[in-house]
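Please consider the structure shown below together with the notes that accompany it.

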Amino acid sequence: MTITLKVDVHHLGRVEGHGNIKVRVVDGELTEARWDIVETPRFFEVMLKGKHYTTAGILTARICGICSIGHCLASVRATEFAFGVEIPEAAAKLRLLAKHGETLQSHVLHLFFLAAPDFLGLHSAIPLKDIKPEVFALAARLKKLANDMCDVVAGRTTHPVSIQVGGMARMPDKHTLLDLKSRLERAVEDLRVAVELFRTFEIPEFERETEFVSLKGERGYPFIGGRIFSSDGVEHAEAEYLAMTNEYVTENNTSKWCKLSRESFAVGALARVNNNYHRLHPKARAVAVLFDLAPVCYNPFMNNIAQLVECVHVVHESIRLIEELVENPNAETMVPVKPRAGRGVAAVEVPRGILYHDYEYDENGRIVKANCIIPTTQNNANIHYDLNALVKQMAGNSGMTDERMELLCSMLVRSYDPCISCSVH
Amino acid sequence: MKHLNIERRRPKIGVFDFTGCEGCELQLANKEDSLGAFLSAIEVVSFREVSSDNGSDYNVALVDGAISRPDEVERLKEIRQRAELLVAMGSCACFGGVNRLKNAYDLDEANREVYGDCPKQTMPTMSVKEVVPVDLEIPGCPVCKDEVERVVQHLVWDLPLPTYAYPLCLECKQRYTVCRFEFGELCLGPITRAGCNAPCPAGGLGCWGCRGPAEAPNYDEFFALTAERGFDRQIVRERMGFFGGFDHVLAELEKQEQHEAIHDDHA
């Protein structure tokens, strides 16, 4: 019997932003498998032109409602490079703590609210509050902790206010930090239960060899700045990011696509874990071992597990950072800033992968030219080619139906946790 | 679900996103302490960002994002037709938000700059009320979940819906936040509508006016204050124009100044 399959998903659910999936298999032959981004363009790079440096971080945070802290961090870092500003050590630690808060918030949101329903046979996480109240409560607890961390450190969870050019606007109160620390310690147990839950999920078996791009952890697992590195051996300094991205425009997408050594590459939690496995906190690596996640893992569905591993990593690292911060509660967190003409480039690992901001300033501290390259922009081509390979591999499986194929394709796209409006900034 | 053994009226809610960052939708999943109660009080009929099963049988539409492409106009009109109550949620939906900043640039040129010779469809950014009638506006970038909860409480239990006539400054005083002007920083608190509990000044950043104007702010006094404190007029106006909430005030100012300039020329 020859297989004919037809999948049309218009505005895929449980992802951030608007994307479509189209699959056609006719008489056993794959004729089309597409992942298209149809989000409305916003033209942030154009809007940035002429803006004062104090506005750049506040404006670019609005590129993304989920990773606004990451955008703000990339923005102020690029500006600081352009002006030759070096931030105090305590500010760097606070920024990393805010980054960890965002990573936890974003990963927990994706794992429990966007990805888990597929593995539990649900359309959304909302019914969980009635059928698995303990799972719903656990997810809510972890998410609240992550949001509170961002509130305390960055002033707000969505669209932060304390991350400013020159450092951080304030040092949080010592007792508030210690309260967070004790909640983080309790979160270790919540994550252990989460790991048990995810071990009951059936991760689809699918592999497609690809290239993984991430920051290179030289002192620790990388989050803010440093060299850029690919699993095919390409390596560049932060400022040479364009050599790693190679953006191009396609007909059917409002997001651009990227490539490096092959037709596509991947960024995100799986890329980071693959490229920096030995820099993970031992407790996080132990979780990776439980799931047989070791470099190089070519199964994109394992990005979910890599996110879970990173949750464990950031919780342990946040505890350590708070211990260091409370030792010096009166530390300086801000240095004076004097604008000058120049260019600055920053790379930050945000939840969905590596993010670049690149600004050129005039002598009055106003932007002449800006460029932002978003993780999902870098992943889109990889998602598209994965989709082709997935359909080819799975189409002949016994009992394959349109519905089953639609679910598999949707799960594949969701595994990347795409941030679509971000990619069409 | 019954509450005190009585079947509740559960508003059938649809959540719809247009041009924006979806940060407002994310807020609906925040405030975790009351998330379960919030979700039990409503029936989520359509919410693409959190569900893959979306219907059209809603009577309340929460709309976030601005309108910036013809297909969005059509989709919004359809939603308006189905919904008894349409709520514009967040600064993009209420004013156009930061997306409106692009209207100051030539859009063909912008398209060429970003997409080269493969331009994408776009148009000047509009707020929701510029396209369809809006019943209720909750501004904010992002929106405060508290305010969304109050709308639901109003619909379910007829609890009064508070409005905030006073400016943000009052909320800073209430939470003992030191005024950002005292740090030599600009703040739009004196003219901006309260109701967010002023998190930005507390976090070390003067207000950027995401909630738009309070009721009848004293603009003359505000401009006098900022001039006296040495803030560049251009910087003050840029900040007022950031989220689009004060656009009518800025337009009025420009008109006045043009008029005065002509008058001066004649004198």
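The following briefing covers the sheets, the nonpolar core, the contact between the chains and several local backbone features. The model is a predicted one.

**The sheet of chain B**

- Chain B contains an open sheet of five strands, ordered 4-3-5-6-7, in which the pairing is parallel.
- Strand 4 (43-47) and strand 7 (136-138) of chain B form the edges, and each pairs on one side only.
- On average, neighbouring strands of this sheet are turned by 20 degrees against each other, direction ignored.
- Within the sheet, strand 5 (residues 60-64) and strand 6 (residues 85-89) of chain B run parallel and are joined by five bridges.
- In this pairing, B:A61 stands opposite B:L86 of strand 6 of chain B.
- Helix 6 (residues 145-157) of chain B packs on the sheet and touches strand 5, strand 6 and strand 7 of chain B. The direction of helix 6 of chain B makes about 150 degrees with that of strand 7 of chain B.

**The largest nonpolar core**

- The largest nonpolar core holds 208 residues, and the members that touch the most others are A:V309, A:C409, B:A61, B:V63, B:V87 and B:M89.
- Helix 4 (residues 89-119) of chain A gives the largest share of this core, 14 residues.
- Domain 1 (2-157) and domain 2 (169-266) of chain B each supply at least three residues to the core.
- Leaving aside residues up to four places away in sequence, B:V87 touches B:V60, B:A61, B:L62, B:V63, B:D135, B:L136, B:I138 and B:V151.

**A four-stranded sheet in chain A**

- Chain A has an open sheet of four strands in the order 8-7-6-9, with mixed pairing.
- Strand 8 (235-236) and strand 9 (265-266) of chain A each have a single partner strand, so one side of each is left without a neighbour in the sheet.
- Strand 6 (residues 211-215) of chain A pairs with strand 9 of chain A in the parallel sense over two bridges, and A:E211 stands opposite A:F265 in strand 9 of chain A.
- Helix 9 (residues 269-276) of chain A lies across strand 6, strand 7 (228-230) and strand 9 of chain A, at about 85 degrees to strand 6 of chain A.

**Contact between the chains**

- The contact involves 46 residues from chain A and 47 residues from chain B.
- On the side of chain B that touches chain A, two or more residues come from each of helix 1 (23-28), helix 2 (35-41), helix 5 (107-115) and helix 8 (199-202) of chain B. Helix 5 of chain B gives the largest share, four residues.
- This side of chain B comprises 21 nonpolar, 15 polar and eleven charged residues.

**Local backbone features**

- Most residues other than glycine have a negative phi, and most peptide bonds are trans.
- A cis peptide bond joins A:P295 and A:V296, with omega about -5 degrees; A:V296 lies in the loop between helix 10 (282-290) and helix 11 (303-326) of chain A.
- Another cis peptide bond joins B:C141 and B:P142, with omega about 0 degrees; B:P142 is located in the loop between strand 7 and helix 6 of chain B.
- A:F43 is not a glycine, yet has a positive phi of about 65 degrees. A:F43 counts as buried because 24 other C-beta atoms lie within 10 Å.
- B:K31, also not a glycine, has a positive phi of about 50 degrees and lies in the loop between helix 1 and helix 2 of chain B. With 18 C-beta neighbours inside 10 Å, B:K31 counts as partly exposed.

Key. Residues numbered from 1 in each chain as written. Chains lettered and ligands numbered in written order. Predicted model: local features only at pLDDT ≥ 70, side-chain atom pairs only at ≥ 80, totals over all residues. Pairing = 2+ DSSP bridges. Axes fitted to C-alpha atoms, helices over the stretch in contact; angles between N-to-C directions. Contact = placed C-beta atoms within 7 Å. Core = buried A, V, L, I, M, F, W, Y, C linked by C-beta atoms within 7 Å. Buried ≥ 20, exposed ≤ 12 C-beta atoms within 10 Å, placed from the backbone. Domains from an automatic or database assignment. Nonpolar A, V, L, I, M, F, W, Y, C, P; charged D, E, K, R; others polar.
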